Amino acid sequence: MNRNAKLFSTWLAMKKIQSFKQETLGDGRESVIFRTNVTVRGQVIPLAAIVDDSAYTIIRANLAAQALDDRNAFAVSQLITKLNQVNRVFKFYLAPDTTVLMDTCVPCLTGHFQPELVYQMIRIAAKELENIYSDFMGRIWG
C-alpha cells in the first residue's frame, strides 16, 4: 500500500469512519481504491477515492451504469456539456460502456497528503450528486 493510502486508511480508522472498503489495484502506482456508497433519492450510488503515490487523488462517482441508448444520448450529452461548462470542481463524462461518471481531482504537494481534505471532498461530491441527480435521471429515463 502506498504512503498516501496508508495515511488515509489510518485517518479513517482514527475518526472511526467504517463505510469504506479498500481494494489494492496492484498497478505501477500502488493504487488503492477506497469504495463507499451514497444514497441519493433512494438510489445507491457508488463513490470512490483512488489514492496512489502521485500528487493526485481522484474522487469518482458512478451516476448511472450503461445509461445511454439511442433515445436519451443527445439529452444526456447536452446535460454533461452544460454541467462541465458551469462546474469548476466536478467534471462529468461517459465511460466507453456509456456509464455516466463524475470526477474531481484533489492535488497535494509531495509528502503533504491531507486525508481530511480528501474526505471533505468526498462529502462535497455527495452533496453535488444530490444537486444533479434528478436532472440526470430525468434525461436518462425521460
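Trainee: Quick one to start: is Asp-69 buried, exposed or partly exposed?

Mentor: Asp-69 counts as partly exposed, because its relative accessibility is 33%. The cut-offs are under 20% relative accessible area for buried and over 50% for exposed, with partly exposed in between, using a 1.4 Å probe and protein chains only. Before we go on, this is a predicted model, in which local features need pLDDT of at least 70, side-chain atom pairs count only at pLDDT 80 or more, and totals for chains, interfaces and linings use all residues. Residues are numbered from 1 along each chain as its sequence is written, and side-chain values use heavy atoms, with hydrogens and water left out.

Trainee: Thanks! Which side chain does Asp-69 meet in a salt bridge?

Mentor: That of Arg-71, at 3.5 Å from N to O. The criterion for a salt bridge is a side-chain nitrogen of Lys or Arg within 4 Å of a carboxyl oxygen of Asp or Glu.

Trainee: And how many salt bridges are there in the whole structure?

Mentor: A search finds four. One of them pairs Arg-35 with Glu-23, at 2.8 Å from N to O. That pair links distant parts of the chain, since Arg-35 is in strand β2 and Glu-23 in strand β1 (residues 21-24), twelve residues apart. Strands here are DSSP runs of E with at least two residues, helices are runs of H or I with at least four, and both are numbered from the N terminus.

Trainee: How accessible is Arg-35, and what about Glu-23?

Mentor: Arg-35 has a relative accessible area of 39%, so it is partly exposed. Glu-23 is partly exposed too, with 34%.

Trainee: Which residue forms a salt bridge with Asp-53?

Mentor: Arg-29 does, and the closest N and O atoms are 3.8 Å apart. Arg-29 lies in the loop between β1 and β2, while Asp-53 lies in the loop between β3 and β4, so the pair ties together parts that are 24 residues apart in sequence. Arg-29 is partly exposed at 44% relative accessibility, and Asp-53 is partly exposed with a relative accessible area of 44%.

Trainee: Switching to the strands: how many bridges join β2 to β3?

Mentor: Nine, between β2 (residues 32-40) and β3 (residues 43-51), and the two run antiparallel. Strands pair if DSSP finds at least two bridges between them. Val-32 stands opposite Val-51 in β3. In the hairpin, two residues sit between the strands, and Arg-41 takes a positive phi near 50°.

Trainee: What does β3 do with β4?

Mentor: They run antiparallel, with five bridges joining β3 to β4 (residues 56-64). Ile-50 has Ile-58 in β4 as its bridge partner, and the hairpin between β3 and β4 goes through four residues.

Trainee: How much space lies in the largest pocket?

Mentor: About 200 Å³. The elements giving two or more residues to its lining are β2, β3 and β4. A pocket, on a 1 Å grid over the protein atoms alone, is an open set of points where a 1.4 Å probe fits, with protein on both sides within 12 Å along at least five of seven lines; lining residues have an atom within 4 Å of a point. The volume is the space filled by probe spheres set on the points, which are joined across faces, edges and corners.

Trainee: Which residues line the largest pocket?

Mentor: Among them are Ile-33, Arg-35, Pro-46, Ile-50, Arg-60 and Leu-101.
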